[in-house]
Amino acid sequence: MKSFVQQAGLGDILEKVEAGERLNLQDGLALYNTKEILALGYMANLVRNRMNGDNAYFIYNQHINYSNICTNLCKFCAFGKDKSSDLAYEMDLAQVKEKVRARLDEPITEIHMVGGIHPDLPFEYYLELLRGIKEVRPDVHIQAFTCVEIAHLAGLAGKSVAETLDILRDAGLGSIPGGGAEVFSPRIRAITCEKKLSGEQWLEVAKTAHRQGLHTNATMLYGHIETMEERLEHLDALRTAQDETKGFLAFIPLSFHPQNTELSNLSRTTGIDDLKNIAVARLFLDNFPHIKAYWVMIGPKMAQVALSFGADDMDGTVKEEVITHMAGADTDQAIGSKTLVRLIKEAGRVPVERDTLYNVIKVHD
Amino acid sequence: MDVGEKMQMKGLQKEVMESITEKVMAGGRISDEEFLALERDADLYQLGFLADGIRRRLHPEGNVTYVVDRNVNYTDICISACKFCAFFKAPEHQTGYLLTFDELELKIRETQDLGGTQILLQGGLHPDKPLEYYEEMLRFMKTTGIHVHGFSPPEVCHFASLSGLSIREVLQRLIAAGLDSIPGGGAEILSDRVREATAPRKCSADQWIEVMEEAHKLGLRTTATMMFGHIETVPERLEHLRRLRELQDRTGGFTAFIPWPFQPDNTALSQQVEIEKTTGMGYLRMLALSRIYLDNFENVQASWVTQGPKIAQLSLFFGANDFGSTMLEENVVAAAGVSFRLSEQEIRRLVVDAGFEPRQRLMDYTVI
């Protein structure tokens, strides 16, 4: 097998990978630019197996998007709407509680809740959401509010990010999802999302959360106007931050879905690019415990294959996914845990149902 | 032993893998036992590297080909009632259609206007149209100059039994009327146990082989397919591949092999037995195994119509060197609940993105 990787011109990187040495930016660029997807995947699979064995994780979760009203209106987003739009919505506390109550008979361990940057909901609204969910489902872990929303909430509260996080945690916040990172490059943000939190500020919020004892995830939205160098700078910034705080749980590459966005002239990402982003992330982010293949975005078939290209997590049952579907995703909005278990087993891995913090709930063998 | 070392020991045993690799890379042929060992124990990368190595050896120029054509199904009325089919209408239901020659002509003209070179012509086993009807259809179609890739072996067998002629005589008459080549459909799994259970009224495995053998002898090129992932066993998949490889040794008449997984929605079979849809992983493994076993087949096609563009693109690294057809029209897979569409432009984009040169071809794989 080694000889195939050497023939693909990646022998030097393979030696580093086998020795557990950290890859530099130049290595990363070589990996992004290679056409030898099998050789790339083979190396990512070595690291994946070293770090996570045969385990392939998933979670029984529920998504709630409390509002799509947003003042940022990023060009790559089909979800966010101006408050005046006919498609704008916001849920009140009773509606959110009802969504949670409606699924109390299911073994949900995590509620994943994000929304836009709302122009006038008060800080108290967000605290009530957290308290309300906990009231209906006290044991559930709430993973909510991206770093972008957290910064906005700190502004509303008139407090520092650290103080705001403490208040949110007291109200029920368990951890922070990885959204809003997009691509950190100032060039990309100026073109696509100039009103959004900067990359540096995003990282600062994440690191602050880690210091306050809250775990977070990290994402990268790829497949729009970013260059390979910009992808790598993004990964490098995440790796450096993780060296400092060790608070990131998973990295989740997100494939850009152009439909209904201002960048709808662009094509969808290809299967090769999806796998490349998984594999390069696994090889480059040596300090991230988990790499997630988000089936909602790349489809269950590709997410299954991705388990051999560096990914060790398929996310979850999801239910009611809205954000990607607004941008034309043709995947289902939910997937049964039975289907996830079968996909994982057929990929030759062990399905491990987890909670948000990767504690094992059940091994399905 | 740490987890990493333990994982290294998984997959096919090193010595077995090395001997297979050496053989395959030198252009050699694997045995049935080696196929079964690979199927059982090889990991995705062992299969992928072997299949990809063969693809590179056979197609060193780095082309990935495709054909611009349209699937025309002249009728959906069918007496075969295969349990895995969601397309057919039984004659007694009187809900089926039969295309008129005018409709055929319109479809052909539209295809030609889009740069199409051939029509994949297949239909159900109509209860009472005589052989003369199909001869007339061919003569009519050929006035347009289009390549007719038509009448899979079950149709040819059906024409033979209706007309009382031999398979060879039927083929000679169809060729005289203008038939250019034969599609590999209706092969399903070339095992009589599987055929008895799923398609008892369809031609037998022997008859399927006989049609293709006679066709090759009469100078027609044909393709071969396999529909897997229903009730067949692994040895039955192997039996299928073995029969194809043996026939190809005798005639060399197959241009390509095209495997795809059974699509269960709306079929009688999926209501009778619980069948789990083949996963992306299952498809890629079978594709690679086919590429490795069928050493005498020049070309292997990816099935974007069942797998979607992402897995189809990845197929190019698991043995496939051809993206199949643009399928300006497709009805059979769509009836089973799968509706991927790809334009020629999109196929070319996927091929380029994967690092290959997209080339439009004809049925016989001549590049245009």
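**View 1. The two domains of chain B in the predicted model.** The centres of domain 1 of chain B and domain 2 of chain B, taken over C-alpha atoms, are separated by 30 Å in this predicted model, with domain 1 covering residues 3–55 and domain 2 covering residues 64–360 of chain B. Where the two domains touch, domain 1 of chain B contributes 16 residues and domain 2 of chain B contributes 14 residues. On the domain 1 side, helix H3 (32–41) and helix H4 of chain B each supply at least two residues, and H4(B) gives the most, with 8 residues. Sorted by class, this domain 1 side holds 10 nonpolar, 1 polar and 5 charged residues.

**View 2. The contact between chain A and chain B.** The side of chain B that touches chain A is made up of 13 nonpolar, 9 polar and 5 charged residues.

**View 3. The parallel sheet of chain A.** Four strands of chain A form an open sheet in the order E2-E3-E4-E5, and their pairing is parallel. Strand E2 (61–64) and strand E5 of chain A stand at the edges with a single partner strand each, so one side of each is left without a neighbour in the sheet. On average, and with direction ignored, neighbouring strands of this sheet are turned by 40° against each other. Strand E4 (residues 141–144) of chain A pairs with E5(A) in the parallel sense over 2 bridges, and Ser175(A) in E5(A) is the bridge partner of Gln143(A).

**View 4. Glu182(A), a loop residue with positive phi.** Glu182(A) is placed in the loop between strand E5 (173–175) and helix H9 (186–192) of chain A. The phi of Glu182(A) is near 50°, a positive value in a residue other than glycine. Glu182(A) counts as buried because it has 27 C-beta neighbours inside 10 Å, where 20 or more are required.

**View 5. Gln94(B), a loop residue with positive phi.** Gln94(B) lies in the loop of chain B between strand E2 (69–73) and helix H5 (101–113). Although Gln94(B) is not a glycine, its phi is positive, at about 55°. Gln94(B) counts as exposed because it has 8 C-beta neighbours inside 10 Å, where the limit is 12 or fewer.

Definitions and conventions. Residues numbered from 1 in each chain as written. Chains lettered and ligands numbered in written order. Predicted model: local features only at pLDDT ≥ 70, side-chain atom pairs only at ≥ 80, totals over all residues. Contact = placed C-beta atoms within 7 Å. Nonpolar A, V, L, I, M, F, W, Y, C, P; charged D, E, K, R; others polar. Pairing = 2+ DSSP bridges. Axes fitted to C-alpha atoms, helices over the stretch in contact; angles between N-to-C directions. Domains from an automatic or database assignment.
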